[in-house]
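This report covers charged side chains and their contacts. Please view the sequence and structure below before reading on.

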Amino acid sequence: MDINSLISQYIEEIKATQIEAFQDKAAEVERFRVRFLGRKGVMNELFEQFKQLPGDQKKNVGIALNQLKTAAQDKVEEFKRFVEQAPELNDTHDLSMPADFLTAGSRHVLSVTMNEIAEIFARIGFTIEDGPEIEDDYHVFTALNFASDHPARDMQDTFFIEKEPNVNKPTDVLLRTHTSGVQVRVMERQKPPIRVIMPGRVFRNEAISARAHCIFHQVEGLYIDKKVSFVDLKQTLLYFAKEMFGPDTQIRLRPSYFPFTEPSAEMDISCNICGGKGCNICKGTGWLEILGCGMVDPNVLEASGIDSKEYSGFAFGMGVERMAMLKYQIRDLRLYFENDLRFLHQFDNIV
């Protein structure tokens, strides 16, 4: 068989060779390369024959040889890419090695804390209500007994989206500053008895620091029925504190002021870090403030169509970020919003 016929035969063989036919892919690709391109392979043998050809035949045969060499090189590269992209087909893997497991996701520490708060109140009959984050002035301020000149209505404290002052019917649209607006909506559509909590995100125009943020989360509660007293409020919050922070937790109530409750109070718990003895977390006092509360102001009940002479009630509100800071000893509130995996992975095992 002359050299031109051999070249044509080899080119056809290269084109017809498929890696799927190889059982030991990586090893057979190497044998294919050695056969055609190795030092003792087909190309070298053909070049030896090429040297013996008459001068008038070398041009055409030389072109054919180059075509054969290119075809062989391209095929080898194609096979190599296949083997590299499909390493599972390669027998070099150690099947005794342990498998790589994907890391499972977990809940954010704020979600865990909010769920825990909701579960505690659910045990004593509170249901969950939700409401819009974009609210109007009436549900956030007016119906909750805020005076028209209250500082919370200023631009430096509240994010207003649309401000259209109207003395008779305020129509300002804003990002809610507390979830108390949900209380108003519940009282407008539901007759007592009412026993609900309202978890959600709120917004205030504050500078971001280790102790404050313009976005945070609240859980507020509302209980309205006949003959509800301050004693009911105190016992409800004592139950919550013991369930949330441990059975040895004590509480104290300090007089305070909120436009929508009267009387109003701030509630402290005994420091769960030092056991009430005094430390740098509680600033040596042995107490930590966790929430505000009080009896629902009769004006708020009347504004929502509830007879304040027949019904009474209490309300409370707490910051979820602060609860998580106290429970898990987190020092910087900004960590909740930075998506730093080093911080978030500390809570992977919390359910």
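## Lysine 327 and its partner

Lysine 327 has a relative accessible area of 26%, so this residue is partly exposed (buried is under 20%, exposed over 50% and partly exposed in between, with a 1.4 Å probe and protein chains only). The side chain of lysine 327 meets that of glutamate 116 in a salt bridge, at 3.5 Å from N to O (a side-chain nitrogen of Lys or Arg within 4 Å of a carboxyl oxygen of Asp or Glu). Glutamate 116 belongs to helix H5 (residues 109-122) and lysine 327 to helix H10 (residues 320-328), so the pair ties together parts 211 residues apart in sequence. Helices are DSSP runs of H or I with at least four residues, numbered from the N terminus.

## Basis of the model

The model is predicted: local features need pLDDT of at least 70 and side-chain atom pairs pLDDT 80 or more, while totals for chains, interfaces and linings use all residues. Residues are numbered from 1 along each chain as its sequence is written, and side-chain values use heavy atoms, leaving out hydrogens and water.

## Other salt bridges

The whole structure holds 14 salt bridges. In one of them, arginine 35 pairs with glutamate 13 at 2.1 Å, N to O. Arginine 35 is in helix H2 (residues 25-37) and glutamate 13 in helix H1 (residues 3-16), 22 residues apart. Arginine 35 is partly exposed at 38%, and glutamate 13 is partly exposed at 27%.

Arginine 342 bridges to aspartate 340, with the closest N and O atoms 2.7 Å apart. Arginine 342 is exposed at 69% relative accessibility, whereas aspartate 340 is partly exposed at 22%. Elsewhere, shared partners join Arg252, Arg254, Asp268 and Glu289 into one salt-bridge network.

Conventions
Helix = DSSP H or I, 4+ residues; strand = E, 2+ residues; numbered from the N terminus.
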